[in-house]
Amino acid sequence: MLEKLNELNDKFIERYANNKEQEKYLLIKQILAEKNCFRKINIETSYSILRDLEIPEEELENYYLNLI
């Protein structure tokens, strides 16, 4: 599942190339690079990352639970 999030994030990095928005996705890339990152950050930050990656609202909880 983390691989899928990395793939999504890479697409956003490409989409926002040379744009201020790209900085956010580069930061997310750094966070996702750590294997158990979702266990180390709080739930609000985790949900925020998932929302930034456009995970549908109704799937957020399932994604989060699978990642921790």
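**Burial and packing in a predicted model**

Me: Why is Ser46 called buried in this predicted model?
Reply: Ser46 has a relative accessible area of 0%, and buried means under 20%, so Ser46 is classed as buried. Ser46 is found in helix H4, residues 43-52.

Me: Which residues is Ser46 in contact with, leaving aside its neighbours within four places in sequence?
Reply: Ser46 is in contact with Phe38, Ile41 and Tyr64. These residues have heavy atoms within 4.5 Å of Ser46, which is why the word contact applies.

Me: Why is Asn6 called partly exposed?
Reply: The relative accessible area of Asn6 is 25%. Buried requires under 20% and exposed over 50%; the value for Asn6 lies in between, and therefore Asn6 is partly exposed. Asn6 belongs to helix H1.

Me: How do you know that the buried residues of H5 are on the same side of the helix?
Reply: In helix H5 (residues 60-67), the buried residues are Leu60, Tyr63, Tyr64 and Leu67. They cover an arc of only 95 degrees around the axis, so they are placed on the same side of H5. Their cover includes helix H1 (2-15), helix H3 (37-40) and H4.

Me: What makes up the largest nonpolar core, and which residues touch the most other members?
Reply: This core has 18 residues, of which Leu2, Leu5, Leu32, Phe38, Leu50 and Leu53 touch the most other members. Two or more residues come from each of H1, helix H2 (22-32), H3, H4 and H5. Not counting residues up to four places away in sequence, Phe38 touches residues including Leu2, Leu5, Leu32 and Leu50.

Technical notes: Residues are numbered from 1 along each chain as its sequence is written. This is a predicted model: local features need pLDDT of at least 70, side-chain atom pairs count only at pLDDT 80 or more; totals for chains, interfaces and linings use all residues. Side-chain values use heavy atoms; hydrogens and water are left out. Helices (H or I, at least four residues) and strands (E, at least two) are DSSP runs, numbered from the N terminus. Buried means under 20% relative accessible area, exposed over 50%, partly exposed in between (1.4 Å probe, protein chains only). The arc is that of the directions from the helix axis to the C-beta atoms. A nonpolar core is a set of buried Ala, Val, Leu, Ile, Met, Phe, Trp, Tyr and Cys residues joined through side-chain atoms within 4.5 Å.
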